[in-house]
Amino acid sequence: MHGADPRLVLGLHRSGHRRDILTAALDLGVHDLDTAAPYHGHRSHQTLAQCAGDLLPKFSISTKVGYFPGIGHSLDPVRLRRGVELAVQDLGREPDLVFLHNPEQSLTGGSPGRLADRLAAACDVLEAAAEQGLCRTWGVSSWDPRPLAAIDLSGLPRPETLMVRAGLLVGVEILDATQAVRKSWKPTTAWGMSPFGGSTARLVWEMFDARPFLQGPRDGHTRTQAAFRIAFRVPVVDAVAVTTDNPVHLRELTEALHFNVDEQSADRYLRHLRQPQRQGCRSFTIRAASRRAGISRGSSWYA
Ligand SMILES: NC(=O)c1ccc[n+]([C@@H]2O[C@H](COP(=O)([O-])OP(=O)(O)OC[C@H]3O[C@@H](n4cnc5c(N)ncnc54)[C@H](OP(=O)(O)O)[C@@H]3O)[C@@H](O)[C@H]2O)c1
């Protein structure tokens with residue numbers, strides 16, 4: 001099902017940007033780092049260069065442009081170009097991948113044709129940046145791809161990587177929009193993000209046990225590991241960006257990369273998620289779709 005082994009990308013959203021998590025990542029074989037210009041109070045790039053400049057060459061670094069201090073979100077080509085140049089300057093090296101950050105934020109208030117032109121102009125900037133060596137490749141990261149799905153993307157510059165939400169908290173409308181964008185834009189790779197919806201302390205993770213989505217004996221597997229592993233399947237993605245500042249948590253996540261997803265359970269879950277009456281209520285959707293997909297294994301999935 002996956003072309004390559006699932007890959008963990010260490011995300012830095014709301015991270016303390018401490019050196020110890022970066023050294024732990026390298027020790028655990030994690031070589032992908034995902035940040036964005038606005039992370040860490042718009043100082044992510046400078047902080048990384050200051051606290052771990054010597055480690056950065058060992059990582060493949062992705063970053064994002066689209067949010068600007070004092071301005072907010074913008075797809076203005078001049079600002080985007082300057083954002084890429086600043087990323088190179090502040091990191092002290094070219095990023096491997098630059099994403100257009102949540103373009104949907106500025107894709108409002110125009111005809112579909114005008115919105116497509118606005119998006120195309122933004123993509124042109126990143127494509128040119130990659131051609132000129134300011135980054136190796138470019139992509140698009142979208143929290144809510146529904147506005148993108150409403151645009152004819154087939155004639156626009158094609159991103160190499162599309163990053164979208166992944167995991168059991170993603171609703172069916174977002175999954176469908178993701179599928180539509182992938183079909184018309186045909187990015188080479190897809191990454192998932194935010195497998196826990198931003199926090200493992202959310203009530204849903206206390207109540208929901210994703211381990212029935214894994215194959216084989218599950219003794220020793222944690223709920224967090226299972227929720228992380230299934231994120232590579234909902235939707236199917238090559239890599240998942242996850243945030244942690246805790247080396248023990250990172251180890252736990254890297255171990256989960258070796259678990260196997262029960263494909264039939266995942267397929268059944270997705271089929272039942274699409275039942276019209278289940279749409280619109282997220283936590284009920286997880287519960288109902290899992291039960292109806294027959295993966296409840298008694299009461300273990302929902303304590
Ligand atoms: N639009 C966009 O482009 C966009 C939007 C959102 C996210 N992202 C990307 O996706 C990445 C991840 O998303 P996210 O930050 O929203 O949230 P997330 O990865 O879903 O959740 C992060 C939380 O999970 C906890 N956690 C991780 N592993 C754990 C473990 N083994 N045990 C217990 N808790 C664990 C972390 O706490 P600890 O630190 O205590 O481990 C952290 O509070 C971001 O860093 C960013 O790279 C991109």
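Visitor: Which residues point one way from strand 6, and which the other way?

Guide: This is a predicted model. From strand 6, Leu 97, Phe 99 and His 101 point one way, while Val 98 and Leu 100 point the other way. All of these residues are buried.

Visitor: Why is strand 6 described as largely enclosed by the rest of the structure?

Guide: A residue counts as buried if 20 or more other C-beta atoms lie within 10 Å of its own. Five of the five residues of strand 6 (residues 97–101) are buried, so the strand is largely enclosed. In the protein chain as a whole, 41% of the 303 residues count as buried.

Visitor: Which strands pair with strand 6, and in what sense?

Guide: Strand 3 (residues 60–65) pairs with strand 6 in the parallel sense over four bridges, and Lys 64 stands opposite Phe 99. Strand 7 also runs parallel to strand 6, joined to it by five bridges; there, Thr 137 is the bridge partner of Leu 97. Between strand 6 and strand 7 the chain passes through helix 5 (residues 112–131), a right-handed β-α-β crossover.

Visitor: Why does Val 140 count as buried?

Guide: Val 140 belongs to strand 7 (residues 137–141). It counts as buried because 31 C-beta neighbours lie inside 10 Å.

Visitor: Which residues is Val 140 in contact with, leaving aside its neighbours within four places in sequence?

Guide: Its contacts are Phe 99, Leu 100, Pro 103, Pro 159 and Leu 162, with those sequence neighbours left aside.

Terms used:
Residues numbered from 1 in each chain as written. Predicted model: local features only at pLDDT ≥ 70, side-chain atom pairs only at ≥ 80, totals over all residues. Buried ≥ 20, exposed ≤ 12 C-beta atoms within 10 Å, placed from the backbone. Helix = DSSP H or I, 4+ residues; strand = E, 2+ residues; numbered from the N terminus. Contact = placed C-beta atoms within 7 Å. Pairing = 2+ DSSP bridges. Right-handed = clockwise from strand over helix to strand, strands pointing away.
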